[in-house]
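This report describes a pocket, a sheet and contacts between charges and rings. Please consult the sequence and structure shown here.

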Amino acid sequence: MPRFPRAVPPVLAGLLLLTACGSHDGPPGAGGDGRVRAQALCPSDYTQYGATPSPRRPTATASGTPTSLPLPSPAPEENGVRITKLYAWGPGSGCAGVEYSAEFEVANTTDAAATYTVTLAFSSSSGGAAGTADHVVEAVGPGRTGKGAAMHTTQLGDAEVTGVKVLKVRSVPVAEASSASGPCPKSGVRLYTDEGNAAMGLRVVGLHLVNCGARPYELDGYPRLELQDEEHARVDGVEILRGTQGIGSGIGGQDAPQPLTLQPGEAAATTLAWRNTTQAGTPVNAPYARVWAKPGAGPVTVVPELDLGTTGRLGVGPWRRDESYRDPGAGARP
């Protein structure tokens, strides 16, 4: 991560309220250099800085030095994640903006390698929420500590960011990680969820499967799900319905199951649907779901964030062919 050798005067800090210059793909020092993309989006900023980004750490001249912001003592920590540093990047010309970057460490206290998605919440000087940002730390070994950083960019007229805290931590065993792209898993299929839709308490999330291998892949019927809470303990007492008819109408997942044979590069999809209504009883939240695409398949853990309320039901549709998808990496052997 970059270091900030001198503080920005308060008057100048007030002028650093920004217009956004686009999203950043990843922070320095955390497996990616967010400023590389920022430089492409706002080249005038980095020309003025005289900065020379590298894969691990950018450098900056005195004309564009970042500022280290104080953290409370002890440092914010939750669910094995500890925030270690908070920085503010000042604007240049043309695409001015203030970018805040928070470094953190995540400890894997389990007995298996895991990939972590850490969401941080940035706060303003007034104590209100300034925004959130997340970052993925890949494959942290058991008993090891991984490092990452998340970035947030304020908008013109926003209050100055003065603090940060850990908002949410999600972890998935590396052996069961889902993927929408990248190298084809040994199973020969990718399985993942999409962003989903929510309206009036109804939640609908798509579950997708892509044959990225070199052989046909057969499906018939419904995937099997096991729900898990934040600690990865199994969640019992939820009725998993075959089909989504009992959840709502016109949301997909209500056709009769049919056998499918997916050729390399072809895909299938289904629907997860639930309502988050809360009445008498204890609400159920199950962030994780282990998914078996078919009997005999290995499990894949996805994170659909199932806020089931007190309804006690989750609808799962049958696999159907996804005619709109073609995998660009089809045919490559896992």
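**Pocket lining**

The lining of the largest pocket divides into 13 nonpolar, ten polar and nine charged residues (Ala, Val, Leu, Ile, Met, Phe, Trp, Tyr, Cys and Pro count as nonpolar; Asp, Glu, Lys and Arg as charged; the others, Gly among them, as polar). This is a predicted model, in which local features need pLDDT of at least 70 and side-chain atom pairs pLDDT 80 or more, whereas totals for chains, interfaces and linings use all residues. Residues are numbered from 1 along each chain as its sequence is written, and side-chain values use heavy atoms, without hydrogens and water.

The largest pocket holds about 1,000 Å³ of space. Of its 32 lining residues, T117, S178, T193, E195 and V303 are the closest to the centre. A pocket is an open set of points on a 1 Å grid over the protein atoms alone where a 1.4 Å probe fits, with protein on both sides within 12 Å along at least five of seven lines; lining residues have an atom within 4 Å of a point. The volume is the space filled by probe spheres set on the points, which are joined across faces, edges and corners.

**A three-stranded sheet**

In the order β13-β18-β19, three strands form an open antiparallel sheet (strands are DSSP runs of E, at least two residues, numbered from the N terminus; two strands pair if DSSP finds at least two bridges between them). β13 (224–228) and β19 each have a single partner strand, so one side of each lacks a neighbour in the sheet.

R290 stands opposite T301 in β19.

**Charges over rings**

The charged end of R224 sits over the ring of W292, 3.9 Å from its centre (NZ of Lys or CZ of Arg within 6 Å of the ring centre and within 35 degrees of the ring normal). K294 lies over the face of Y217, 4.0 Å from the ring centre.

Terms used: Helices (H or I, at least four residues) and strands (E, at least two) are DSSP runs, numbered from the N terminus.
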